[in-house]
Amino acid sequence: MKIHRIIDDIYRLSTNIEDNTYLFEGIWPIPHGISINGYLIKGEKNVIIDLTQNIFDFPREITHQMEGVALGIEDIDIIVMNHMEPDHSGWLREFCAKNSKAVIYCTKKAIPLLQAFSAVPPERAIAITDGMVLEIGDYELQFFDTPNIHWPETMMTYERKRGILFSCDAFGSYGSIDEHAIFDDQISQEKHQFFENEALRYYANIVATFSAFVVKGLDKLQGLDIKVICPSHGIIWRENPAVIIEHYRRYASYSKGPAEREVTVVWSSMYGNTKQVLNMVIEVLRKRNIPVHIFQVPKDEIGYILASAWKSAGLIFGMPTYEYKMFPPMAHTIEEMMVKKVTNKKVFRFGSYGWVGGAQRDFEAKTEKSGWDILGHYEWQGAPTEEDQQAVREALESYCDTLIEFTK
Ligand SMILES: Cc1cc2nc3c(=O)[nH]c(=O)nc-3n(C[C@H](O)[C@H](O)[C@H](O)COP(=O)(O)O)c2cc1C
């Protein structure tokens, strides 16, 4: 990948993780990759905004990109660390060892992390204050404290003469970036849809837990005249940055509910007894014109389930009893939903048991603080009878009525 000019002497430095066996954050599969973007301002003083992860050959690759504008590591005067997560800061230790003059601008909360993650002493850092402006020749960098989007120490940097927001993880998405299409105006409608899906999945996997902070952050940015958004992951928005701002506002709003009039059905079945009811469940929802997204656990990947659940106003779980509790992979999926604060949902559960059950009790206990409105459940022993099918059908019709009312 080569270095790309954004405007004037502001450049993008970027690499894609394209190894599809790699798990982002050690958990999330990235079958379509992810870009890690940093930015460079070449001027009276040379500034680098966010670095890269110390994996594969990324530091060497970024060094090579910098050489494209005749800059080396030792030429950098200022490092802006918007966020200390190692996908942006992994290179910092080596960078600072090779460049002893660069000063680091970051939040106060980031300073101990500089030391802990990168062995960079506090003397090299300048703690920003919210709204503070750093003038460097023709560039004016304004720093905004935006805690918890994504870690507590996270901030954003705004080049206020040109209206460029270096937003770090906010407005990010999964998905590798094509060398020839790094801006929103260079990609097809189909690619826009791809990045919208990847942004939602990124949001649900990485940012969702902190949705209240996303809303606060968006409110803080509201007064700015943002012309370009340069995130740490994903395409650069220069034609219509309002699109990704609007997506993020919508994603954050799903935590308050109602989300979209859609249902995510998550099911598992050891011997097919729970599965026998599944087709009917889907049929009832479709007949009511409610879009359905179906996932089987543990077969389907949890990152995708979370994205779908985040966007859906309704959740339906089909799972049997296993050792007096929920089927374990389902318990894990639900636990992960609790961590990500998937909340304000209309919920129904069905499933088979062998002798006394236990899954429903476990389900209710584990979701007690979920903020879910559990509209009903139905369990049966062994294989479902016609009466069982009919009972689930009736319960679901009423579930659909409530969901439709909820999402009006
Ligand atoms: C490993 C295992 C553990 C089970 N534990 C329980 C249990 O604690 N209580 C119960 O009522 N049934 C239990 N069952 C029975 C299942 O819940 C029952 O076979 C049910 O019909 C399975 O539904 P499925 O075919 O959709 O997987 C267990 C079954 C298996 C294989």
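Is N148 buried or exposed, and what is its relative accessible area? In this predicted model, in which local features require pLDDT of at least 70, side-chain atom pairs count only at pLDDT 80 or more, and totals for chains, interfaces and linings use all residues, N148 has a relative accessible area of 15% and is therefore classed as buried. Here buried stands for under 20% relative accessible area, exposed for over 50% and partly exposed for values in between, with a 1.4 Å probe and protein chains only. Residues are numbered from 1 along each chain as its sequence is written, and side-chain values use heavy atoms, with hydrogens and water left out.

N148 belongs to the loop between strand 11 (139-145) and strand 12 (155-159), where helices (H or I, at least four residues) and strands (E, at least two) are DSSP runs numbered from the N terminus. The phi angle of N148 is near 70 degrees, a positive value in a residue other than glycine. A positive phi, near 60 degrees, is also found at C168, likewise a residue other than glycine. C168 lies in strand 13, which covers residues 164-168, and with a relative accessibility of 1% C168 counts as buried.

The bond from G257 to P258 is cis, with omega near -15 degrees, and P258 is located in the loop between helix 7 (241-254) and strand 15 (260-267). The bond from V297 to P298 is cis with omega near 10 degrees, and P298 occupies the loop between strand 16 (292-296) and helix 9 (302-311).

At the level of the whole chain, an automatic or database domain assignment gives domain 1 (4-254) and domain 2 (260-403). The centres of domain 1 and domain 2, taken over C-alpha atoms, are separated by 38 Å. To the contact between them, defined by heavy atoms within 4.5 Å, domain 1 contributes 16 residues and domain 2 contributes 15 residues.

The ligand is surrounded by 17 residues, of which the closest are S269, M270, T274, Y324 and S352; a residue is taken as near the ligand if one of its heavy atoms lies within 4 Å of it. By class, this shell holds 8 nonpolar, 8 polar and 1 charged residues, where Ala, Val, Leu, Ile, Met, Phe, Trp, Tyr, Cys and Pro count as nonpolar, Asp, Glu, Lys and Arg as charged, and the others, Gly among them, as polar. A polar side-chain atom of S269 is placed 2.6 Å from an oxygen atom of the ligand, while a backbone N or O atom of G272 lies 3.1 Å from an oxygen atom of the ligand. For E323, a polar backbone atom is 2.8 Å from a nitrogen atom of the ligand. Taken alone, the ligand exposes 630 Å², and the protein buries 86% of that area, as computed by the Shrake-Rupley method with a 1.4 Å probe. Strand 18 (321-322) and strand 20 are the elements that give two or more residues to the shell.

Strand 20, which spans residues 346-353, also contains F350. F350 has a relative accessible area of 0% and is therefore buried. Leaving aside neighbours within four places in sequence, F350 is in contact with T274, V277, L278, V281, I316, F317, G318, M319, Y378 and W380. The C-alpha atoms of F350 and L278 are 9.2 Å apart, although 72 residues separate F350 and L278 along the chain.

Terms used. A polar contact is a pair of N or O atoms within 3.5 Å; within protein, one must be able to donate a hydrogen and the other to accept it, and residues adjacent in sequence count only if both atoms are side-chain atoms.
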